Amino acid sequence: MAQFWKPGAEKPRLLDDGEGGVLFFSSSYSSSSGFGFSSIEKQRQRLPVYKYRSAILYLVETHATTIIVGETGSGKTTQIPQYLKEAGWADGGRVIACTQPRRLAVQAVASRVAEEMGVKLGEEVGYTIRFEDLTNPDVTRVKFLTDGVLLREMMDDPLLTKYSVIMVDEAHERSISTDMLLGLLKKIQRRRPDLRLIISSATIEAKTMSTFFQTSKRRRGLEGEALEPKVEPAILSVEEPPGDILVFLTGQDDIDTAVQLLTENDRNDRKKSELIVLPLYSGLSRAEQELIFSPTPRGKRKVVISTNIAETSLTLEGIVYVVDSGFSKQRFYNPISDIENLIITPISKASARQRTGRAGRIRPGKCYRLYTEEYFINEMPAEGIPEMQRSNLVTCVIQLKALGIDNILGFDWPSPPSPEVMIRALEVLYSLGVLDDDAKLTSPVGFQVAEIPLEPMISKMILASGDLGCSEEIITIAAVLSIQSIWTSSRGAQKELDEARLQFAAAEGDHVTFLNVYKGFLQSNKSSQWCHKNFINYQAMKKVMEVREQLRRIAQRLGIVLKSCERDTTVIRKAVTAGFFANACQLEAYSHNGMYKSIRGSQEVYIHPSSVLFRVNPKWVIYHSLVSTDRQYMRNIITIDPGWLTEAAPHFYQYRQLTHMPH
Ligand code: CDP
Ligand code: MG
């Protein structure tokens, strides 16, 4: 293939491996870039990717797959879909898709591109994330969506016929859905030679990209330690000149704590008073997101405290200083204990470099790494482990089955997961009644569970609620569980928060407590003041209402009877058991500190302090999820009768130590 580049532009490196075009570009900004009042068109032309516009269009024209590697902020996500549109790839009613692993990035990028194109979001440019579709099939030509949503679209349209080009963005993140997409898109391409794929990534690891993703060594997990206290001195040590600060912490909890530390009123501290401190994690409302992207007022310094979402998926203008804690929260799954955990883990060198690269995009900046150089050189792993190799794959397996991929172990994975994890997933799906003896989806249960865009255990719980006559309640519970939290963070008022929560507390546990909150919210006429008074997050409740409506529609489509049990909590708890029997735990008889053991794996677990059953310690519980800090904590739990377990999943519990049980 001939090399091709725009005359006068810096020569791009084009590699041709015979099948796909590969483009790497360095990201040198034009010296005049930065803030300013230049037109959008001028701003677009100053982005590093602009020089490669023709090269990219040429590669896409002549190759089925194009791989594009360019630094974060160089314009890949916002510009390439526009170039494709301008070059006619959306003519004739076709659609250009661009996927992102993160919902928040989908929203942010789509609204930016709509603004650049001067169109209303939801028309020519739109986005779709789970439970939120801002597209119009008649007019949307550039569509941003999560990789998970694109996977779901395959269930209805296996060849994704409406798309002319699919850009799988942020491929270096190696999310499960991205990996699944890559495997599936490869298959689709054999049937659709006209389909164009662009795989774009921020990592400059040439070798990894050209061999189309490799596995890397396992990294050891590490006990979490308090990160926030180190952050404050780092931020306050930032001297002139002005410029915003981006801080990388690990999750909502430590971010909220750090925000609180930095906003505590301290009149004598001039430095603190000039800070505008903002959290950044998924689940923020659109309004909260806008604050992050809005320009910093004169004389102020914006401090954005973020998860690794700001590492590559989002670019914030004006960041000059970065504080890197060296940690991120990652999912780890142990197929032996069948426990999946979010664990605070050291980041990789690749991530550390990315984070550093966020500083000084527009003028010289600084990165404060809260770890030693020796640690960086000798101990930090070079690259992270793909999510596929550290997750529970139940959702992934059911999706592949629903797409007609029967030989899961033989699937063309970018990095194959371990057989143990696969087998574990098959076993769980079999127990849920989703797969039959031949590992095929059962009809109708398997197909119905696959159709509901939630994890299979929740979907099964919803299905069961139809038979038990409590689908209205269970759908409310499912909607609440799909939201990060319906409570506002305590902001120093932990006691008041706990008291507010107690008003709603149900003896049966958190799920029934959610129903009480929901009822109160309806009785208040969905009042935001009521939410504020009761430490309930109004935005979250609005989201619950939306998700609930969508789930009701899906349930109706699947023929699930919508019915209320009028608060017969036994059937509600039975429905939860039908989905989550694998998470059953028993209080240790001689435990004085509230220790539970999981019935399956004899894992030690405790009730999370945020649960209404904290310190109540009922004998038998089922948890929704685990969080791991110093211990394994069960979050969102409900009391059960152990007899329901064998009823709900006879094959799952028949060989287990039922002697444990009291009858
Ligand atoms: O995808 P990549 O990281 O290469 O860059 P991008 O997301 O396309 O960002 C290109 C430029 O658009 C950056 O300078 C961003 O600051 C800007 N941008 C923005 O101002 N607001 C957004 N919501 C997204 C991007
Ligand atoms: Mg991007």
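**View 1. Helices α18 and α19 pack against each other.** Helix α18 covers residues 456–468, and helix α19 covers residues 471–481. This is a predicted model: local features need pLDDT of at least 70, side-chain atom pairs count only at pLDDT 80 or more, and totals for chains, interfaces and linings use all residues. Residues are numbered from 1 along each chain as its sequence is written, while chains are lettered from A and ligands numbered from 1 in the order in which they are written. The two axes lie 8 Å apart, at an angle of about 165 degrees. Axes are lines fitted to C-alpha atoms, for helices over the stretch in contact, and angles run from 0 to 180 degrees between N-to-C directions. α18 and α19 are therefore roughly antiparallel (an angle over 145 degrees).

**View 2. Residues where α18 meets α19.** From α18 come Ile458, Met461, Ile462, Ser465 and Gly466. They meet Ser471, Ile474, Ile475, Ala478 and Leu481 of α19. Contact requires C-beta atoms, placed from the backbone, within 7 Å. Seven of the residues are nonpolar, three are polar and none is charged. Here Ala, Val, Leu, Ile, Met, Phe, Trp, Tyr, Cys and Pro count as nonpolar, Asp, Glu, Lys and Arg as charged, and the others, Gly among them, as polar.

**View 3. Five strands form a closed barrel.** The order is β17-β18-β19-β21-β20, with mixed pairing. Neighbouring strands are turned by 50 degrees against each other on average, direction ignored.

**View 4. Strand β17 pairs with strand β18.** β17 (residues 584–587) and β18 (residues 596–598) run antiparallel over three bridges; pairing takes at least two DSSP bridges. Gln586 stands opposite Lys597 in β18.

Definitions and conventions. Helix = DSSP H or I, 4+ residues; strand = E, 2+ residues; numbered from the N terminus. Parallel < 35°, antiparallel > 145°, perpendicular 65-115°, else oblique. Contact = placed C-beta atoms within 7 Å.
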